[in-house]
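Please keep the sequence and the model in view while reading.

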Amino acid sequence: REPLSRFVSAYKNKFSDPHKNLWRMKVCKQIVAYNEKLGKQHHGKQFDISVMEFAGCVARVGDGPVKRLRLNIHWRPLNVQCQPCHVDYDYYSKIETMEEDARFLLKRFHAPQWLHFPWFNPTANVTLSHMGERWQFLSTLPDAVLKKLVDVYRVDYRMFGYRLSDNVTKCD
């Protein structure tokens, strides 16, 4: 999935969904504590964090390849999570092309005709991956924070062949 869309989706899903209260309480507490340690004041409710607090924390914690391992799996860069330099993958797929990739692999391995990849995309009806909406969400961040976020995910952009949008490259 396109890295900054994945970041936006993680924020929306993990911090806006009322059904994720226990998870949110734990992670918000960690993010607020981390920000306060750096002298950043938290102005929200106890278990709510702003987009700015979340982005700032990911940008700071993700400053360097070893530190990126500390990021939560939902917003950790995939190059750190999957370690492509240490694992010799034969194939990889992106969420945007997963159906097509699955058909290719099933055919490549001579799978029976009745076998299909069970496609389920829980965010299919969510338009976060739409560039305009993603940019609208990200445009609330200061350029310096957005630049640091791009740096955190830069290898993922190159590794999976994603292009940074013009809106984002102006901060680069």
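Which residues are linked in a network of salt bridges?

## Salt-bridge network

The network links Lys147, Asp151 and Arg154. The model is a predicted one, and a search of the whole structure finds two salt bridges in it. In general, side chains of opposite charge can pair when their charged atoms come close. One of the two pairs joins Lys147 to Asp151, with 3.5 Å between the closest N and O atoms. In the other, the side chain of Arg154 meets that of Asp151 at an N to O distance of 2.9 Å.

Asp151, at 29%, is partly exposed, and so is Arg154, at 23%. These values lie between the 20% below which a residue is called buried and the 50% above which a residue is called exposed.

## Overall architecture

The chain contains nine helices and zero strands. Read along the sequence, its pattern is α-α-α-α-α-α-α-α-α. Of the 172 residues in the chain, 37% are buried.

How many of the 11 residues of α3 are buried? Nine of them are, so the helix is largely enclosed by the rest of the structure. The buried residues of α3 are Val51, Glu53, Phe54, Ala55, Gly56, Cys57, Val58, Ala59 and Val61. The charged residue Glu53 is listed among them.

Two packed helices are described by the angle between their axes and the distance between the axes. Helix α3, residues 51-61, packs against helix α8, residues 143-159, at an angle of about 50°, and their axes are 9 Å apart. The crossing of α3 and α8 is left-handed.

Helix α1, residues 3-16, also approaches α3. The axes of α1 and α3 come within 11 Å and cross at roughly 125°. The two helices are therefore oblique to each other. In handedness, the crossing of α1 and α3 is right-handed.

A second pair brings in Ser165, which lies in the loop between α8 and α9 (166-169). Ser165 and Trp135 are separated by 30 residues in sequence, and their C-alpha atoms are 8.8 Å apart in space. Although Ser165 is in a loop, the residue is buried, with a relative accessible area of 14%.

Most residues other than glycine have a negative phi. His110, which is not a glycine, has a positive phi of about 55°. This residue is located in the loop between α6 and α7 (131-138). Is His110 buried or exposed? His110 is exposed, because its relative accessible area is 71%.

The surface also carries a nonpolar patch of about 330 Å², which is made by Tyr91, Phe104 and Phe109. Of these residues, Tyr91 lies in the loop between α5 (78-82) and α6 (98-108). Tyr91 has a relative accessible area of 35% and is partly exposed.

Note on methods
Residues numbered from 1 in each chain as written. Predicted model: local features only at pLDDT ≥ 70, side-chain atom pairs only at ≥ 80, totals over all residues. Heavy atoms only, no water. Patch = residues over 30% accessible without salt bridge, like charges linked within 9 Å, V, L, I, M, F, W, Y side chains within 5 Å. Areas by Shrake-Rupley, 256 points an atom, 1.4 Å probe, with all protein chains shown as cover. Salt bridge = Lys/Arg side-chain N within 4 Å of Asp/Glu carboxyl O. Helix = DSSP H or I, 4+ residues; strand = E, 2+ residues; numbered from the N terminus. Buried < 20%, exposed > 50% of the residue type's maximum accessible area, 1.4 Å probe, protein only. Axes fitted to C-alpha atoms, helices over the stretch in contact; angles between N-to-C directions. Left-handed = near helix turned anticlockwise from the far one by under 90°. Parallel < 35°, antiparallel > 145°, perpendicular 65-115°, else oblique.
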